[in-house]
Amino acid sequence: MSYIDGFVIAVPTANKHKFIEHARHFDALFIELGATRVIEGWGDDVPDGKVTDFRRAVQATAEETVAFSWVEWPDKATRDAGMKKMMEDPRMDPSNPENPPMPFDGKRMIFGGFEQVVEVKA
């Protein structure tokens, strides 16, 4: 089964188009390095919870929207090799003027790698 990297971030709502531009730029690199699919989701129905929720997890303000993204890899070995190459790639350098600036506060991003254990398809 595949391996999944998941990301949750708070993006200033006014930066939605900048977020999409940023994602299109960097998501292509994931595919180039072995990912099979990248999904970027813009919060539409993200309710406040009683104990915790997506908004609290990333300390989203009233002026921010929660984005939920994931990257699918064929397996963990491909993911580990791809992420290593990505972190070494000069196209990831935030000081490179050819790269779109990060339209969110990366310090509040939560992320993790997940082994797929169940898959149900229609």
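Which residue in β3 is the bridge partner of V11? It's T65, and that pairing is a handy way into this fold. What you're looking at is a predicted model, where local features need pLDDT of at least 70, side-chain atom pairs count only at pLDDT 80 or more, and totals for chains, interfaces and linings use all residues. Residues are numbered from 1 along each chain as its sequence is written, and side-chain values use heavy atoms, with hydrogens and water left out.

**The sheet**

- Helices (H or I, at least four residues) and strands (E, at least two) are DSSP runs, numbered from the N terminus.
- Four strands make an open sheet in the order β2-β3-β1-β4, with antiparallel pairing; two strands count as paired if DSSP finds at least two bridges between them.
- In general, strands of a sheet pair through backbone hydrogen bonds, either parallel or antiparallel.
- β2 (37-42) and β4 (110-115) sit at the edges with a single partner strand each, so one side of each is left without a neighbour in the sheet.
- From one strand to the next, the twist averages 15 degrees.
- β1 and β3 run antiparallel and are joined by 10 bridges.
- β2 and β3 are also antiparallel, pairing over 6 bridges.
- Across from E72 in β3 you'll find R37, and across from A67 in β3 you'll find W42.
- β3 is mostly covered, with 8 of its 10 residues buried; buried means under 20% relative accessible area, exposed means over 50%, and partly exposed is in between (1.4 Å probe, protein chains only).

**Helix α1**

- α1 packs on the sheet, where it touches β1, β2 and β3, and its direction makes about 165 degrees with that of β2.
- For that angle, axes are lines fitted to C-alpha atoms, for helices over the stretch in contact, and angles run from 0 to 180 degrees between N-to-C directions.
- How far should the 17 residues of α1 span at 1.5 Å a residue? They should span 24 Å, and the end C-alpha atoms are 24 Å apart, which agrees; the expected span is 1.5 Å times one less than the number of residues.
- The buried residues of α1 are F19, H22, A23, F26, D27, L29 and F30.
- Their cover includes β1, β2, β3 and α3.
- After α1 comes G34, which has a positive phi near 120 degrees.

**The nonpolar core**

- The largest nonpolar core has 10 residues: Y3, F7, L29, F30, L33, A35, V71, W73, M83 and M86.
- β1 (3-12), α1 (16-32), β3 (64-73) and α3 (76-88) are the elements that give two or more residues to this core.
- A nonpolar core here is a set of buried Ala, Val, Leu, Ile, Met, Phe, Trp, Tyr and Cys residues joined through side-chain atoms within 4.5 Å.
- Leaving out its neighbours within four places in sequence, M83 is in contact (heavy atoms within 4.5 Å) with D5, F30 and W73.

**Aromatic pairs**

- Rings of Phe, Tyr and Trp (its six-membered ring) pair if their centres lie within 6.5 Å; planes under 30 degrees apart count as stacked, over 60 as edge-to-face and the rest as tilted.
- By this rule there are 6 aromatic pairs.
- F30 and W73 have ring centres 6.1 Å apart and planes at 75 degrees, so the pair is edge-to-face.
- This pair links distant parts of the chain, with F30 in helix α1 and W73 in strand β3, 43 residues apart.
- Both F30 and W73 are buried.
- F54 and F68 have ring centres 5.9 Å apart and planes at 50 degrees, so that pair is tilted.
- F54 is in helix α2 (residues 54-57) and F68 in strand β3, 14 residues apart.
- F54 counts as partly exposed at 42% relative accessibility, and F68 counts as partly exposed at 38%.
- F19, W42 and F104 are linked into a cluster by ring pairs.

**Toward the end of the chain**

- F114 is in strand β4, and at 47% relative accessibility it counts as partly exposed.
- Not counting residues up to four places away in sequence, F114 touches Y3, I4 and G6.
- V118 lies in the segment after β4 and counts as exposed at 62% relative accessibility.
- V118 and M1 are 117 residues apart in sequence, yet 8.5 Å apart in space, C-alpha to C-alpha.
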